[in-house]
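Visitor: I would like to learn how to read side-chain pairings and a domain interface in a model. Please take one feature at a time.

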Amino acid sequence: MMYNPTQCPAADEIDIPAIRARYLAERDRRIKKDHNDQYIASSGKYAEIYEVDPYTPVTPRDPITGETDVVILGAGYCGMMVGAQLRKAGIDNFYNIDHGGDFGGTWYWNRYPGIQCDNDALCYMPLLEETGYMPSRKFADGIEIQKHCRIIAEHFGLYQNALFHTLIRNLKWDPEINRWHVGTNRGDDIKARFVVLAMGPLNKPKLPGIPGIDRFKGKMFHTARWDYEYTGGEWGRPELEKLKDKRVAIIGTGATAVQIVPYLGKYAKQLYVIQRTPSTIDFRNNRETDPEWFASQKPGWQEERIRNFHRAAMERLAPREPDMVEDIWTEISRNCNAQLEAEGWPDISPEEYAERREVMDYRVMERLRARVDALVEDPETAEALKPYYRYLCKRPCSNDDFYPTFNRPNVTLIDVAETQGVERLTETGFVHKGQEYEIDCLIFASGYEVTNDLDRRWGIDTIEGREGVSIYDYWRDGFRTFQGMMAHNFPNMFFTGFTQAGANATNSKTFIDQGRHIGYIASEAIRRGAAMVEPSQEAQDAYIAKLRSVAVDNSRFQNECTPSYFNNEGDPVKKRSIFGEPWGEGYYAFEDMLAKWRDEGSMAGLVLNSEHTLEPAE
Ligand code: NDP
């Protein structure tokens, strides 16, 4: 049968119980007993991978010891959105502190060949209406996204407040002055009224703990610090001509590697792709944005598109609602709606809808496995490249060149699923199933510290709130927050992300909304002359009780997935997944709740302490 890239097989054409059994078997053989401990942190002797900026020279500056209203840790999407929202709330005295040399965060550091966003740029790139920016294509290049970050920073005047090449080492609450002491690697001791932690979940690269990793004498680097000096080419020009006489291995086949592999295959003398779990990879269908269409959009179009995408990707499209985004992220919802339409929109319960989604999930994944057969010539290689798990167990990808790369004579797939990794590294290569493969260069596409302990992941030595309470101890057995953004004992400190908060399918939308909420609380506290604002113990307990009472139990799904940072490396009970305890009623229910809370104006649940009130900082 010819492969049709948009047509899933019918439910009765596939053996769902057999596929499900195969999924569980894949999960079982992939579970590693050491879960997160299998990885090596980019600290200690590997600190250079994280701390050194190969792209921008560090400019010397004197340590800063003055006061500010807000220190925002991070100058990526989240830190920028918070900065923009602080300005809108009337707070101008703040710093964005980042160890990169410019705005962009992940889009500053990641410059690897082929880097593009896998999400619809019209949703993903924030504040398009405010900046008047039209993304050039549906899936924008990394270099374009970083350019847009600079445009946002200019638009909101963030450069004047930026401290680059600066790593925060210590955060200590000082009750004498009701300020946070912000200590950095540049010798700063900034006294900040508020601190916002906006470092994002993908900031610290991690390495696979392969025996002998220290022995290898060839070139090694992580994808988050691409070495064009070694490979040839440059950011935005992925012509890796210096690899033409090099034997290269890449470890990992996640979203990053999927984008890189076609370029390595094209330029390297020999490429080994070391794969433990295959990704889910659809066709790309990237296309230019139509300027006429873009110009014709009415105010509010981006929010409307983001809401539509969120419903399609994470909730449920309304009857007859069009799918504006139309890609792999929305296929299951789109297909389910098409099915319901064909049946004349029967009134079905949420449970029945979930059952239909699950069947559609098997059908879509079966289509994607058929895609591998259609594009990869060697049947054994094709079989090994097929993903056997449910959609969204791993982050879905789309790429037109990844699979055909395996038809090149210089490209070999090293399937390490059975052995859970290569056996060891030697001085000159790697050993798999007793055979040594000689290489010149080893590239780690091994991902980030998303689910490891917070101190390891954040890289801040000390975060001490009232009475010296450490956040790392306070959260050792699980997160405890109020609205996902504040914690008792940690006055004037804000957290960002999805933990105990709303998770939007477009993460920049989450950051815009969190920035707005933080801007509101901080500006209200200043306006009301409060030196300290902190959730009461009772309010925090009540919030967590409510969060858990509306939680949606997706443990079956999580437990049945192959391990990844989505399910805490196959140890989901610890709730340290990137989506740790999201608001079960959905993103917009969460947002509406916060908007109502702000409208009421009583700051209910927060204790505002006006003792030791200081004048707003100059
Ligand atoms: P991931 O964590 O998704 O992937 C890491 C890869 O390394 C996995 O394939 C993993 O295998 C593999 N790996 C780890 N240890 C070993 C080992 N010992 N032996 C063999 N393989 C190993 O990292 P990525 O950098 O690919 O992606 C991280 C995230 O970055 C994405 O999920 C996405 O959120 C973001 N991203 C976004 C993009 C975008 O377009 N917006 C593009 C690229 C990345 P296994 O799966 O078996 O653990």
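**Rings, domains and charges**

Guide: The structure holds 33 aromatic pairs. One of them joins tyrosine 23 and tyrosine 362, with 5.6 Å centre to centre and 25° between the planes. Note that this is a predicted model.

Visitor: How is the pair of tyrosine 23 and tyrosine 362 classed?

Guide: Planes under 30 degrees apart count as stacked, so at 25° tyrosine 23 and tyrosine 362 form a stacked pair.

Visitor: Which parts of the chain does that pair tie together?

Guide: Tyrosine 23 belongs to helix α1 (residues 16–30) and tyrosine 362 to helix α13 (residues 350–375), so the pair ties together parts 339 residues apart in sequence. Both tyrosine 23 and tyrosine 362 are buried.

Visitor: What does a tilted pair look like?

Guide: Take tryptophan 583 and phenylalanine 590: their ring centres are 5.7 Å apart and their planes stand at 50°, so this pair is tilted. Tryptophan 583 and phenylalanine 590 are both buried. They also belong to a cluster linked by ring pairs, together with Phe482, Tyr520, Tyr543 and Trp597.

Visitor: Where does a charge sit over a ring?

Guide: The charged end of arginine 111 is placed over the ring of tyrosine 108, 4.7 Å from its centre. Another case is arginine 369, which lies over the face of tyrosine 388 at 4.5 Å from the ring centre.

Visitor: Next, the domains. What are their bounds?

Guide: The domain assignment gives domain 1 as 1–27 + 212–447, and domain 2 as 67–103 + 158–204 + 450–616. The C-alpha centres of domain 1 and domain 2 are 32 Å apart. Domain 1 puts 24 residues into the contact, and domain 2 puts in 19 residues.

Visitor: How much area do domain 1 and domain 2 bury between them?

Guide: The size of an interface is often given as the accessible area lost when the parts come together. Here domain 1 and domain 2 bury about 1,900 Å² between them, with 55% of it on carbon and sulfur atoms. On the domain 1 side, Arg27, His310 and Cys393 lose the most area to domain 2, together 27% of what that side buries.

Visitor: How many salt bridges cross the interface of domain 1 and domain 2?

Guide: Side chains of opposite charge can pair when their charged atoms come close. Across this interface there are three salt bridges. For the structure, the count comes to 55 salt bridges.

Visitor: Which residue forms a salt bridge with arginine 20?

Guide: Arginine 20 forms a salt bridge with glutamate 560, and their closest N and O atoms are 2.6 Å apart. In lysine 386 and glutamate 383, which also form a salt bridge, the closest N and O atoms are 2.9 Å apart.

Visitor: Is lysine 386 buried or exposed?

Guide: Buried means under 20% relative accessible area, so lysine 386, at 8% relative accessibility, counts as buried. Arginine 237 is partly exposed at 31%, and glutamate 239 is partly exposed at 36%.

Visitor: What distance is found for aspartate 473 and arginine 476?

Guide: Their side chains meet in a salt bridge at 3.2 Å, N to O. Arginine 476 is partly exposed, with a relative accessible area of 46%.

Visitor: Which residues are joined into one network?

Guide: Salt bridges that share partners join Arg20, Glu358, Asp361, Arg390, Arg556 and Glu560.

Definitions and conventions:
Residues are numbered from 1 along each chain as its sequence is written. This is a predicted model: local features need pLDDT of at least 70, side-chain atom pairs count only at pLDDT 80 or more; totals for chains, interfaces and linings use all residues. Side-chain values use heavy atoms; hydrogens and water are left out. Rings of Phe, Tyr and Trp (its six-membered ring) pair if their centres lie within 6.5 Å; planes under 30 degrees apart count as stacked, over 60 as edge-to-face and the rest as tilted. Helices (H or I, at least four residues) and strands (E, at least two) are DSSP runs, numbered from the N terminus. Buried means under 20% relative accessible area, exposed over 50%, partly exposed in between (1.4 Å probe, protein chains only). A charge sits over a ring if NZ of Lys or CZ of Arg is within 6 Å of the ring centre and within 35 degrees of the ring normal. Domain bounds come from an automatic or database domain assignment. Contact means heavy atoms within 4.5 Å. Buried area is the accessible area (1.4 Å probe) that two parts lose on being put together, summed over both. A salt bridge is a side-chain nitrogen of Lys or Arg within 4 Å of a carboxyl oxygen of Asp or Glu.
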